[in-house]
Amino acid sequence: MINKYESARASSKRVVEILRNTDRLEEGDGDAEALTVTRGRVKYDEVCFSYPGAEDRTLEDVSFATDDGEFVGIVGSTGAGKSTLMKLLFRFYDADSGTVSIDGTDVTDVDAASLRDRIGYVSQDPFLFHGTVRENVAYATPSVSHEEVVTAAKRAGAHEFVQQLDDGYDTQIGERGATLSGGQRQRLAIARAIVDDPPILVFDEATSHVDNETEVEIQRSLLSMSEDRTVFAIAHRLSTVRSADRILVMDDGRLVEEGTHERLVERDGTYAKLWRIQTGEIAATRMGDPREVNR
Ligand SMILES: Nc1ncnc2c1ncn2[C@@H]1O[C@H](COP(=O)(O)OP(=O)(O)OP(=O)(O)O)[C@@H](O)[C@H]1O
């Protein structure tokens, strides 16, 4: 009973935090306009942020600006602030100081619902429910046609394996997608996130092990996604963002380096060190470079 009480207490604290947070962010939203994304340029300007009640800063003076429709990788050790950085883009929280803007519009000036509507999100552990593949891809946008579901699945690299399932898009995938592998679940989640063609996509890579083939498939689908939208990929495996236009390297809440893979390796700083560690660890299983696979 004591254990249950402790666990319920922790859960209720989190629920209350979310409820309070929603109240806070909806204030001032009354006349807020819907977000219009034209070029998908995202800018963080001297952003500082601490979680409510926390003593330490989680983000410290973060500034960067992306160009039209870039593929942006976000890397760094665990707890560096990668996910928090993206939470501010969705306005799950607002910055304590500094601004986050999309195409020049401060995100705090737009309606939070429209923001989440225009930014697709793929979480580390995407939620799939007991239903068909089609229902799972279309569930946030039930009005989409079968063709749109298939197009999204193709772009997400899911179409091939879906076709091989017994009933294709009508296959029941079990509770939480139990009949699928982790990589297949993530690709279906990517399809779901892009089915209504959001101009910005945030992808949070699964930390659990995925096999090499799946890893390369996900890299390829991210590259394909970024052809006509801005993609942010929070990566735990650096190979996932090796081809990114820009890699943001976070360390202890700060943006410590920024550049392409080649530039960052040349620079021989934090990223180069992480890269050496990972390639050393993964050398035996060969790192996948999606550009080579695409050739
Ligand atoms: N809701 C929260 N309330 C308080 N602190 C939090 C909350 N979420 C995250 N943190 C803290 O903020 C810091 C940054 O966390 P964040 O999840 O952004 O890191 P991350 O780089 O994404 O890590 P990971 O690679 O493990 O996902 C950590 O110290 C974490 O404990």
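In the predicted model, the buried residues of helix H7 are Gly183, Gln184, Arg185, Gln186, Arg187, Leu188, Ala189, Ile190, Ala191, Arg192, Ala193 and Ile194. These make up 12 of the 13 residues of H7, so the helix is largely enclosed by the rest of the structure. A residue is counted here as buried if 20 or more other C-beta atoms lie within 10 Å of its own. H7 covers residues 182–194 and reaches 19 Å from its first C-alpha to its last, close to the 18 Å expected at 1.5 Å a residue.

The surroundings of H7 include both helices and strands. Its buried residues pack against four helices, namely H4 (133–138), H5 (146–155), H6 (159–164) and H8 (212–225). They also pack against strands E6 (119–122) and E7 (200–204). H7 lies across these two strands, and its direction is at about 170° to that of E6.

Strands E6 and E7 belong to an open sheet of six strands, in which the order is E6-E7-E8-E3-E9-E10 and the pairing is mixed. E6 and strand E10 (254–259) stand at the edges; each has a single partner strand, so one side of each is left without a neighbour in the sheet. On average, neighbouring strands of this sheet are turned by 20° against each other, direction ignored. Within the sheet, strand E3 (residues 71–76) and strand E9 (residues 246–251) run parallel and are joined by five bridges. Gly73 stands opposite Ile247 in E9.

Helix H2 also lies across this sheet, over E3, E6, E7, strand E8 (230–234) and E9. Its direction is at about 150° to that of E8.

A further open sheet is formed by four strands in the order E2-E1-E4-E5, with antiparallel pairing. Its edge strands are E2 (59–65) and E5 (105–106), each of which pairs on one side only. H2 (residues 82–89) packs on this sheet as well, where it touches strand E1 (42–49), E2 and E4, and its direction makes about 115° with that of E1. Strand E4 (residues 97–102) runs antiparallel to E5 and is joined to E5 by two bridges. In one of the residue pairings, Ser101 has Asp106 in E5 as its bridge partner.

Notes. Residues are numbered from 1 along each chain as its sequence is written. This is a predicted model: local features need pLDDT of at least 70, side-chain atom pairs count only at pLDDT 80 or more; totals for chains, interfaces and linings use all residues. The expected span of a helix is 1.5 Å times one less than its number of residues. Two residues are in contact if their C-beta atoms, placed from the backbone, lie within 7 Å. Two strands pair if DSSP finds at least two bridges between them. Axes are lines fitted to C-alpha atoms, for helices over the stretch in contact, and angles run from 0 to 180 degrees between N-to-C directions.
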